[in-house]
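Q: I am new to this structure and would like to go through some of its helices. Could we take them one at a time?
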Amino acid sequence: MIRAALIGNPNVGKTEIFNHLTGLSQSVGNFPGVTVEKKAGRLVHKGQEIEVVDLPGTYSLTSNAVDELVARDYIVLERPDVIVDIVDGTNLERNLYLTLLLLEMDANLVVALNRWDMVKARGLKIDPEKLSELLGCPVVPTVAVTGKGLDDLTNSIVNAAGRMNTKGKNAIQYENDIELLIKKVEDVIRESPAFIEKYPQRWLAIRMLEGDERVMEQTRAALSSPQIARILSIIEAGEAAMK
Ligand SMILES: Nc1nc2c(ncn2[C@@H]2O[C@H](COP(=O)(O)OP(=O)(O)OP(=O)(O)O)[C@@H](O)[C@H]2O)c(=O)[nH]1
Ligand SMILES: [Mg+2]
């Protein structure tokens with residue numbers, strides 16, 4: 001069975017897509033924040049069973065906001081095989097922030113370029129193929145309300161699951177000195193196999209360098225004091241170098 005999760009900013013059409021795919025009916029609303037709990041459903045596509053999870057809307061994965069944690073925890077802890085990032089095509093720039101965060105996590109990503117009907121109606125110029133090239137993942141135009149593009153989307157999910165284990169692909173590379181810091185932090189984290197079994201190590205390292213409070217808390221719980229001291233000194237050295 002393929003496990004796929006639908007993630008995206010609030011009010012972009014995730015639940016509408018979930019309902020079409022699974023035949024279930026979660027409530028859809030014309031305002032953000034309708035989905036507060038994750039919900040799972042199933043479908044069979046060309047003989048392949050797929051479990052789809054509909055997540056509450058989220059703008060980022062670094063935030064400490066409680067309502068964003070459901071989505072973040074699901075993705076980080078449950079590690080679905082494929083993450084389907086539903087993007088509102090009429091609000092592309094804002095939506096792509098989350099897409100970049102997902103790429104940074106080495107997520108096995110498929111992007112649904114939703115509200116394609118409105119993109120067309122407004123005469124917006126978006127080239128899905130070009131976008132796919134830039135992001136390094138499939139981009140499928142969809143119209144959630146009519147179901148247009150959802151068959152293509154499901155095909156892309158199955159294909160993405162087939163090329164699972166893109167780990168280490170690191171779609172986003174930072175400048176050399178930052179990459180070096182990430183590597184140093186990773187070296188420390190790797191000493192605790194239980195910790196990195198739970199979380200992707202590169203993702204953890206980047207969050208620590210970014211000063212993510214929740215990740216630091218979890219780090220303090222998982223690592224020894226000398227290890228934490230080493231990480232803090234890498235962060236400090238990095239901050240000093242960046243000034
Ligand atoms: N025209 C058009 N409207 C859409 C499309 N997709 C979704 N909508 C509408 O957008 C609104 C939000 O859809 P939802 O499926 O509830 O969005 P969501 O992403 O689940 O929202 P949250 O759970 O609040 O994060 C609904 O009124 C949908 O009918 C689309 O492709 N085209
Ligand atoms: Mg929803």
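This is a predicted model: local features need pLDDT of at least 70, side-chain atom pairs count only at pLDDT 80 or more; totals for chains, interfaces and linings use all residues.

Q: How far does helix H6 reach from its first C-alpha to its last?
A: Helix H6, residues 150–162, has 13 residues and reaches 18 Å between those atoms, close to the 18 Å expected.

Q: And which residues of H6 are buried?
A: They are Leu-150, Leu-153, Thr-154, Ser-156, Ile-157, Ala-160 and Ala-161. These residues cover an arc of only 160° around the axis, which puts them on the same side of H6.

Q: What is exposed on the face of H6 turned away from its buried side?
A: That face carries Asn-159 and Gly-162.

Q: Moving on to H11, which of its residues are buried?
A: In H11, the buried residues are Gln-227, Ile-228, Ile-231, Ile-234, Ile-235 and Gly-238. Viewed down the axis of H11, they fall within an arc of 120°, so they line one face of the helix.

Q: What do the buried residues of H11 pack against?
A: Their partners are helix H7 (176–189), helix H9 (201–210) and helix H10 (213–222). The face turned away from the buried side of H11 carries the exposed residues Ser-225, Pro-226, Glu-236 and Ala-240.

Q: Now Glu-186: where does it lie, and in which helix?
A: Glu-186 lies in helix H7.

Q: Is Glu-186 buried or exposed?
A: Glu-186 is buried yet has no salt bridge. The nearest side chain of opposite charge, Arg-190, is 4.4 Å away, whereas a salt bridge requires a distance within 4 Å.

Methods. Residues are numbered from 1 along each chain as its sequence is written. Chains are lettered from A and ligands numbered from 1 in the order in which they are written. Side-chain values use heavy atoms; hydrogens and water are left out. Buried means under 20% relative accessible area, exposed over 50%, partly exposed in between (1.4 Å probe, protein chains only). Helices (H or I, at least four residues) and strands (E, at least two) are DSSP runs, numbered from the N terminus. The arc is that of the directions from the helix axis to the C-beta atoms. Contact means heavy atoms within 4.5 Å. The expected span of a helix is 1.5 Å times one less than its number of residues. Lys and Arg count as positive and Asp and Glu as negative; His and the chain ends are not counted.
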